[in-house]
Amino acid sequence: MVQVLVLHASAHHSTQEIASRIGEQLRTHGHDADVRALDQATGGHWLDQCDALVLGSAIHNGAWLPPAEALVRGAVRQLRDRPVWMFSVGMSAALPGPVRRFADRAVQPRIAELVDLVRPREHRRFSGVIRREHLDRKGAVFFRLLGCRYGDHRDWAAVEAWADEIAAQLTKLAARRRAG
């Protein structure tokens, strides 16, 4: 069993729910997964409490939420010392076909910089939930002009499959520690 901390920064609970699902899935594989909001993990020795870390944030304006970005920038050395996986939650699945394909391939420089700093085992992007009340007036008009769709665009099968992949890597890691 591996002690895994799943940290998330969420604006409207979509990322929080994805983090919770990842934690649940890791637990089904026998790992001890503690899921916490980033603001609940700061101010202590949170990193000393885990063998591995899954870190995710909602994407707003092409960047992680400020608490997530600050955590990464402030703990680069500590994050590099253990297995880390990162995930971002955006809205690409809400976009119409051609725009979605472009968005799925687009590099978001501020997020790419964080990934380069940490060098996680993997960084995944998921779509989240987008509702009218999440956008200001200007954003809602732009959203509609692009032909976007409001709704829950999370792909739970993809989230669970990724958590299964992480769990398999953690199991191998635990076996190597026991053998070595």
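Modeller: A search of the whole structure finds zero disulfides. This is a predicted model, in which local features need pLDDT of at least 70, side-chain atom pairs count only at pLDDT 80 or more, and totals for chains, interfaces and linings use all residues. Residues are numbered from 1 along each chain as its sequence is written, and side-chain values use heavy atoms, with hydrogens and water left out.

Biologist: What makes a pair of cysteines count as a disulfide?

Modeller: Their sulfur atoms must be within 2.5 Å. The search of the whole structure gives zero disulfides, so no pair passes that test.

Biologist: Is Cys50 buried or exposed, and how do you know?

Modeller: Cys50 has a relative accessible area of 5%. Buried means under 20% relative accessible area, exposed over 50%, and partly exposed in between, with a 1.4 Å probe and protein chains only. Cys50 is therefore buried. Cys148, with a relative accessible area of 2%, is buried as well.

Biologist: Why is Ser92 called buried?

Modeller: Its relative accessibility is 19%, so Ser92 counts as buried. Ser92 is in the loop between E5 and H5; helices (H or I, at least four residues) and strands (E, at least two) are DSSP runs, numbered from the N terminus.

Biologist: What makes the link between the side chains of Ser92 and Ser127 a polar contact?

Modeller: A polar contact is a pair of N or O atoms within 3.5 Å; within protein, one must be able to donate a hydrogen and the other to accept it, and residues adjacent in sequence count only if both atoms are side-chain atoms. The side chains of Ser92 and Ser127 are joined at 3.3 Å, so the distance meets the limit.

Biologist: Which residues does Ser92 touch?

Modeller: Not counting residues up to four places away in sequence, Ser92 touches Arg100, Ala103, Asp104 and Ser127, where contact means heavy atoms within 4.5 Å.

Biologist: Why does Ala103 get its accessibility label?

Modeller: Ala103 has 22% relative accessibility, so it counts as partly exposed. Ala103 lies in helix H5. Setting aside neighbours within four places in sequence, Ala103 is in contact with Ser92, Leu95 and Arg125.

Biologist: Which side chains make polar contacts with Arg36?

Modeller: Arg36 lies in strand E2, residues 32-37. Its side chain makes a polar contact of 2.8 Å with that of Asp34 and another of 2.7 Å with that of Gln49. Arg36 has 17% relative accessibility, so it counts as buried.

Biologist: What is the phi of His13, and what makes it worth a remark?

Modeller: His13 has a positive phi of about 80° although it is not a glycine. Most residues other than glycine have a negative phi. His13 is in the loop between E1 and H1. Asn61 also has a positive phi, near 55°, and is in the loop between E3 and strand E4 (63-64).

Biologist: Is Asn61 buried or exposed, and why?

Modeller: Asn61 has a relative accessible area of 83%, so it is called exposed.

Biologist: What makes a space a pocket rather than a cavity?

Modeller: On a 1 Å grid over the protein atoms alone, a cavity is a set of points where a 1.4 Å probe fits but cannot get out; a pocket is an open set with protein on both sides within 12 Å along at least five of seven lines. The largest pocket here has a volume of about 970 Å³, a volume being the space filled by probe spheres set on grid points, which are joined across faces, edges and corners.

Biologist: How many residues line the largest pocket, and which lie nearest its centre?

Modeller: There are 35 lining residues, and Ile59, His60, Asn61, Gly90 and Met91 lie nearest the centre; a lining residue has an atom within 4 Å of a point. Helix H5 gives the most to this lining, with four residues. Other elements that supply at least two residues include H1 (14-28) and E3 (52-60).

Biologist: How do the lining residues divide by type?

Modeller: There are 18 nonpolar, 15 polar and two charged residues in the lining. Ala, Val, Leu, Ile, Met, Phe, Trp, Tyr, Cys and Pro count as nonpolar, Asp, Glu, Lys and Arg as charged, and the others, Gly among them, as polar.
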